[in-house]
Amino acid sequence: MRYFKFFLSLFLSAGLVWLLNTSDPLGLASIPPLGNLLCPFTGFWQNAEAMGEYPAEQIHLPGLSEPAKVVYDSRMVPHIFAGNTKDALMVQGYLTAKFRLWQLDMAARSGAGRLSEIIGDRTIEYDRFQRRRGLPRGAQNALKAWNNTPDTLAMLLAYTEGINAYISQLKPRDYPVEFKILNYAPEPWEPLKTALVLKLNTALLCFKEEDVESTNTLNWLGSDIFNQLFPERPPNESVIVPDSCRLVDTLSPPPSLQTPAGTTGYWDVPFLQESPRDIGSNNWAVSASKTSSGNPILCNDPHLPLNLPSLWMEIQLHTPDMNVYGVSLPGLPGVVLGFNENVAWGWTNASHDVLDWYQVQWTGPDKTHYVFDGEERAAEQVVETIQVKGRKPVLDTITYTHWGPVVYQDRKDPKRDLAMRWAAIEEPNASELGFLLGINAAHNYDEFQRYSRGYHFPGQNMVFASSNGDIAITVTGKYPDKKAEQGRFIQMGNTSANFWTDYIPFEELPRMKNPVRGFVESANQLSAGPEYPHYYNGKFNTYRGRYLDRKLAEDDRFSLYTMMDLQTSNYSILAEEALPLMLRYLDQTHLSAIEMGMIQLLENWKFTFNVDEVAPILFDEWWNSLDSTLWDEFYHAGDTLAVLHPEKWETVTLLRSDPMNTFWDIETTPERESPTQTVTIAFQQAIGKLREHLGEVDYDWGKHHPVQINHLARIPAFSAPPLRAGGYPEALNATRSGNGPSWRMVVEMGPEVKAYGVYPGGQSGNPGSFYYDNFLQTWAEGLYYPLFFMSSADDNRQEVLCEGAFVPGG
């Protein structure tokens, strides 16, 4: 039967070759050359991987200085043993290409704005977007700085050589299946592509701002209502470093802007894509005094968009100078999140706004010159050529000011333009490249901090624990030293008074080491309290940090397993605070027996969004209906204008203490609604949405709230089916559709490091491999794998799948 299927596929494929062996036989530009794709000798059949024994292999690697060994554990995690760091990174590059070549190519193309070369018309606007916001220019700036550090640049070149060594020995039949589907070949790697990957991921986390929305909302509501609804600090705030003022207590508060905060009038601009909103991360460390083992424990779970192939790739790098384990980001050498024998670290996004918009004052309609501090300056015009598969190239002229590129033009007034200043694409310090490799080999807190000086963007809350007992957290990165409210609104670009010229010194960034309370934590909340003298603004989470503070303070006997339970907790303080208030206002006079049963479910609910519960569905739909009913004015305004939306805590505030607020009234009805009427209407709307599921016995939160993990190219056959998983955006297990914990890690830093971890996917980027998505169910169930931190290449404490040898030579 096996051979019958083979010859049948061969016959059918051969019969189609004449018709299908061109990319566009029927005038359909998106169809690949199906003859090549279906060919049993070179097509996608060659990408299937059979399960079974994996023989040892020996690979000749040009540029390698001495032999290296790779041990693959039972989950296909490579453990690289090399005589020096340069060789280890060369092997890492080779293996990254072996497992994730198409992902590497797509990340570099995405950052460069070059997807249309292989996909066609559908991605022209995306490519224009990447170029207009300056990712390619930012990558060039980064590479220019990296060239000033020969030692660390040599490490990047070794990684690059490893990738290219793998690519150079491929034949078309060996290409990953996506290359065959899209009908193109992999390009050689180069250091610029690593910079593009870095900038692409930087944009994911720090291309966030609300200048236009804030300006429009301020003009719409007026300052009194605006300040009431949108204060910069929420009540009941939880901050990462509560006593950060002591670090800079000799400084004065930031000065105010000398010019009005926002420009007058409304702005109607064609918005470019921003970073996803419902993503959040957690990290924390507890001291030895709060654990049952007497060793510090560190935990981290960065929450990011989830795709296949997975964002991360697990790896261990072992040399005489370092022994580091964790996850790497394909395209970057080293380990991004992980641990070595001495220290462990994890990151969450600091969420600071490092992107500001300035209204350009042009001197004439040709927009070639603009006014700054009373003088005329020439703008630079750059013509970008976007190559498009199947058609002529698209030309796009980008105008640059000293602020940065002109990105937005007001649709109602073409004379008004907005220039962007985004700190993340400006030329970095030359030490940025060495940061990652430095912390990979760090021995203690002082070394970790020394290397952290070189880290710039995206700003991260870096949690730290060491085997000598230290725990710490630092809000690490490069943050503009702004005046009060600078960057909160659109600013006039004709004066240097609105121009920030420096960054907050590294010594004055919020940080905390070995606090008396015995723990440090972050969950994307505010970095420091109101007494911190440096102004900062951004988009911060309100609830997860408060829950972390609560849980870490109430226990002194934490273990690895209780930390796993906490990391996967589905409890929500938002539900805890909001639901009793919603039930208090609900008019139950005319509810049906079924509706009363739902109320009883909610009254008995423990505020957990567990996979098999029904009550979370009721709360979520009711909360969403209340939000759209209470803040209906903002939804209506948002149909025609970019405006802010009140935060969730503001809804809770109105429920708790503001029954006379005018926003309780529903705009489209003649009468003025009370809180009871609005809450009850929202409940009825939620029941209406759920009515079709009322009779389903198995309809629970997991079915209502599935996690969807798609292939990067959105190819359905390569995407995962919907996953039943618990979680909620305002729980520590912050899942939402295609976003969630991209890597869960728990590490105990004792004499022997013990660690557990999991990510949603698998080591391989090949959809035909068992190792493409074999971690998914483990991740969805909130379970972990023990991480095999090998002490040597002969370590046999866990099962080994196979081994490989790398030897010098071509």
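Is Asn183 buried, exposed or partly exposed? I looked up its relative accessibility, 32%, so Asn183 counts as partly exposed (buried is under 20% relative accessible area, exposed over 50%, partly exposed in between, with a 1.4 Å probe and protein chains only).

**Entry 1: the model**

I note that this is a predicted model, in which local features need pLDDT of at least 70, side-chain atom pairs count only at pLDDT 80 or more, and totals for chains, interfaces and linings use all residues. Residues are numbered from 1 along each chain as its sequence is written, and side-chain values use heavy atoms, with hydrogens and water left out.

**Entry 2: the protein as a whole**

I found 23 helices and 31 strands in the protein (DSSP runs numbered from the N terminus, helices being H or I with at least four residues and strands E with at least two). Of the 810 residues, 59% are buried. I looked at contacts with a separation of 6 or more, and 73% of them involve residues 24 or more positions apart (contact means heavy atoms within 4.5 Å).

I traced an open sheet of 6 strands in the order 24-5-6-28-29-30, with antiparallel pairing (two strands pair if DSSP finds at least two bridges between them). Its edge strands are strand 24 (519-522) and strand 30 (785-786), each pairing on one side only. Strand 29 (residues 754-758) is joined to strand 30 by 2 bridges, and the two run antiparallel. Here Tyr756 stands opposite Pro786 of strand 30.

Helix 14 (residues 544-553) does, touching strand 5 (282-286) and strand 24, and its direction makes about 160° with that of strand 24 (axes are lines fitted to C-alpha atoms, for helices over the stretch in contact, and angles run from 0 to 180 degrees between N-to-C directions). Helix 15 (residues 560-567) also packs on the sheet, where it touches strand 5, strand 6 (297-301), strand 28 (744-748) and strand 29. The direction of helix 15 makes about 155° with that of strand 28.

**Entry 3: Glu730**

I found Glu730 in the loop between strand 26 (710-711) and strand 27 (739-741). Its relative accessibility is 9%, so Glu730 counts as buried. The side chains of Glu730 and Lys648 are joined by a polar contact of 3.1 Å (a pair of N or O atoms within 3.5 Å; within protein, one must be able to donate a hydrogen and the other to accept it, and residues adjacent in sequence count only if both atoms are side-chain atoms). Leaving out residues up to four places away in sequence, Glu730 touches several others, including Arg544, Tyr571 and Lys648.

**Entry 4: helix 18**

How far apart are the end C-alpha atoms of helix 18? I read 22 Å for helix 18 (residues 615-630), which agrees with the 22 Å that its 16 residues should span at 1.5 Å a residue (the expected span is 1.5 Å times one less than the number of residues). Of these 16 residues, 14 are buried, so helix 18 is largely enclosed by the rest of the structure.

**Entry 5: a hairpin**

I counted 4 bridges between strand 14 (residues 369-372) and strand 15 (residues 375-378), which run antiparallel. Tyr370 has Arg377 of strand 15 as its bridge partner. The hairpin has 2 residues between these strands, and Asp373 takes a positive phi near 50° in it.

**Entry 6: loops**

I noted a cis peptide bond between Leu308 and Pro309, with omega about -5°. Pro309 sits in the loop between strand 8 (307-308) and strand 9 (313-319). The bond from Phe457 to Pro458 is cis too, with omega near -10°, and Pro458 lies in the loop between helix 13 (445-452) and strand 20 (460-466).

Back at Asn183, I found a positive phi near 60° in the loop between helix 8 (177-182) and helix 9 (191-206). Asn524 has a positive phi near 65° and lies in the loop between strand 24 and strand 25 (526-528). With a relative accessible area of 5%, Asn524 is buried.
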